[in-house]
Amino acid sequence: FFPYDNPILDTEEKIIQVVSMFPPGSLREQKVFNKWVVAEGKVFNQLNILKELPKHYIMREIGIGIDYGSVNPTTFVPVALCFDQVMKQWKLVRLKIYYHDSKVENDNPTTEYYSTQLRMFMVYLKSVYPGIPITNIVVDSEAAHFDNRLTVDGIPHSMTHKITVDEGVQYMQSLFYKGYLETLESPSIRYFTNDGHYEESGKDEGIIELDSYQYDKIKSE
């Protein structure tokens, strides 16, 4: 079935509205027009980068997503729920992230280390955004060891639901395309010292990573 097969979509404007729900490219071709197309090129063509948080954004709360890696980098990604007073709509803004690459730092962190780093990161967020609650912390469902560590340390959190990478990517593509998800560009935090100070990387690894994602053309074929 196509949009124009739906009797409810009885005008050209309604059909255009449905088509525009998905970004141009392979995702729209697959989801809207049922075409068997090969996905290739960049995964995210739109990242909605902000240089600073607009003054007309009212921040309501912050959630933290955690991708734990014993070999790969471990990241803490804070996402703020903000109300855009000009556009009169809610938006999600990815804030400054924590990005620790053990290969670059030449270390071998434990779950205890990252648990402490998370506490310091939360203190950092509280200092930058006073009065804004951190409402939830979500950990990658594959990180069972880190889940246990946070439980022992009394840090409230939940695990991600079982979704495929493809489903997650499509959801983010849609949020970026519709303007609901934005990225506040800022150098990543590499690590916190024992006294609470932190070292930056000088670049935003989160943006670099998203911008580098490419479709696996061979797998798509």
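1. Helix α7 spans residues 205–212, and its buried residues are E205, G206, I207 and L210. Buried means under 20% relative accessible area, exposed over 50%, partly exposed in between, with a 1.4 Å probe and protein chains only. Helices (H or I, at least four residues) and strands (E, at least two) are DSSP runs, numbered from the N terminus. The cover over the buried residues of α7 includes β1 (49–50), β4 (89–94), β5 (98–100), α6 (165–178) and β8 (181–184). At the start of α7, the backbone nitrogen of G206 has a side-chain oxygen of D204 within 3.1 Å.

2. On sources: this is a predicted model, where local features need pLDDT of at least 70, side-chain atom pairs count only at pLDDT 80 or more, and totals for chains, interfaces and linings use all residues. Residues are numbered from 1 along each chain as its sequence is written, and side-chain values use heavy atoms, with hydrogens and water left out.

3. S188 sits in the loop between β8 and β9. S188 is buried, at a relative accessible area of 0%. Its side chain makes a polar contact of 2.8 Å with the side chain of E205. A polar contact is a pair of N or O atoms within 3.5 Å; within protein, one must be able to donate a hydrogen and the other to accept it, and residues adjacent in sequence count only if both atoms are side-chain atoms. Not counting residues up to four places away in sequence, S188 also touches D204 and G206, among others. Contact here means heavy atoms within 4.5 Å.

4. The largest nonpolar core has 31 residues, and I62 and F121 have the most contacts inside it. Such a core is a set of buried Ala, Val, Leu, Ile, Met, Phe, Trp, Tyr and Cys residues joined through side-chain atoms within 4.5 Å. Helix α4 gives the largest share, six residues. A second, separate core of nine residues includes L175, L181, I207 and L210.

5. The whole structure holds 15 aromatic pairs. Rings of Phe, Tyr and Trp (its six-membered ring) pair if their centres lie within 6.5 Å; planes under 30 degrees apart count as stacked, over 60 as edge-to-face and the rest as tilted. Y68 and F146 are stacked, at 4.9 Å centre to centre and 10° between the planes. Y68 lies in the loop between β2 and β3 and F146 in helix α5, so the pair ties together parts 78 residues apart in sequence. Both Y68 and F146 are buried.

6. Ring pairs also link F76, Y98, F121, Y124, F192 and Y198 into a cluster.
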